[in-house]
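Open the model in your viewer and keep the selection panel at hand. The tour goes stop by stop.

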Amino acid sequence: MIDKIAWIHLVDGRILSTRSRGKDKFYLPGGKREPGETDAETLVREIREELGVEISLESIAPAGTFEGQAHGHTEGTIVRTTAYSAEYRGTPQACAEIEEIAWLTYADRPRVSLVAQQIFDHLHETGLLR
């Protein structure tokens, strides 16, 4: 089981997504926790590293937990993504291993990882992702 934390940031029905160097799919910003980290600490660290912005701790809110086949891993490797929404300070930009950031809509669903597709479905069904 791969345990990941992700940031859901929506603006005008589009979701902020990232693509790492050498990857063919977009993911939601975030990543794996380091030993002893809480979800909030992981979210703050990963978003700072990947996008160069500061998550506001007091604004972090749960947005759901999603599980599925891990993209690019052997069949049966499951990723559990715990997603959060949060406000931030700064201007998102591609940092560290991130090659590209994009504002995606539901029409872009085929361009994202399998678990991100579940998140896209959920957000679309609730009217948040156009």
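Is Asp 3 buried, partly exposed or exposed? Select Asp 3: this residue is partly exposed, with a relative accessible area of 26%. Bear in mind that the model is predicted.

**Stop 1**

Asp 3 sits in strand β1 and Arg 33 in the loop between β4 and α1, so the pair ties together parts that are 30 residues apart in sequence. Arg 33 is partly exposed as well, at 28% relative accessible area.

**Stop 2: the sheet**

Now show the strands. Four of them form an open sheet in the order β4-β1-β7-β6, with mixed pairing. The edges are β4 (30-32) and β6 (61-69); each has a single partner strand, so one side of each is left without a neighbour in the sheet. On average, neighbouring strands are turned by 20° against each other, direction ignored.

Zoom in on β6 and β7 (residues 78-85). They pair in the antiparallel sense over eight bridges. Gln 69 stands opposite Ile 78 in β7.

**Stop 3: the helices on the sheet**

Select residues 39-51, helix α1. This helix packs on the sheet and touches β1 (2-7), β4 and β7. Its direction makes about 120° with that of β4. Next take residues 114-125, helix α2. Helix α2 lies across β6 and β7, running at about 135° to β6.

**Stop 4**

Centre on Ile 119. Leaving aside neighbours within four places in sequence, Ile 119 is in contact with Ile 8, Leu 28, Phe 66 and Thr 81.

**Stop 4: the aromatic pair**

The whole structure holds one aromatic pair. Select Trp 7 and Tyr 88. Their rings are edge-to-face, 5.3 Å centre to centre, with 80° between the planes. The pair links distant parts of the chain, Trp 7 in strand β1 and Tyr 88 in strand β8, 81 residues apart. Trp 7 is buried, at 0% relative accessible area, whereas Tyr 88 is partly exposed, at 25%.

**Stop 5: charged side chains**

How many salt bridges does a search of the whole structure find? There are 12. Select Glu 34, Glu 37, Arg 45, Glu 46 and Glu 49: a network of salt bridges links them. Within it, Arg 45 and Glu 37 meet at 2.6 Å, N to O. Arg 45 is buried, at 12%, and Glu 37 also counts as buried, at 15%.

Move on to Asp 108 and Arg 111, whose side chains form a salt bridge of 3.2 Å, N to O. Asp 108 is buried, at 17% relative accessible area; Arg 111 is partly exposed, at 37%.

**Last stop: Gln 93**

Gln 93 is in the loop between β8 (88-89) and β9 (98-104), and is partly exposed, at 46%. Not counting residues up to four places away in sequence, Gln 93 touches Glu 50, Leu 51, Gly 52 and Ile 101.

Technical notes: Residues are numbered from 1 along each chain as its sequence is written. This is a predicted model: local features need pLDDT of at least 70, side-chain atom pairs count only at pLDDT 80 or more; totals for chains, interfaces and linings use all residues. Side-chain values use heavy atoms; hydrogens and water are left out. Two strands pair if DSSP finds at least two bridges between them. Helices (H or I, at least four residues) and strands (E, at least two) are DSSP runs, numbered from the N terminus. Axes are lines fitted to C-alpha atoms, for helices over the stretch in contact, and angles run from 0 to 180 degrees between N-to-C directions. Contact means heavy atoms within 4.5 Å. Buried means under 20% relative accessible area, exposed over 50%, partly exposed in between (1.4 Å probe, protein chains only). Rings of Phe, Tyr and Trp (its six-membered ring) pair if their centres lie within 6.5 Å; planes under 30 degrees apart count as stacked, over 60 as edge-to-face and the rest as tilted. A salt bridge is a side-chain nitrogen of Lys or Arg within 4 Å of a carboxyl oxygen of Asp or Glu.
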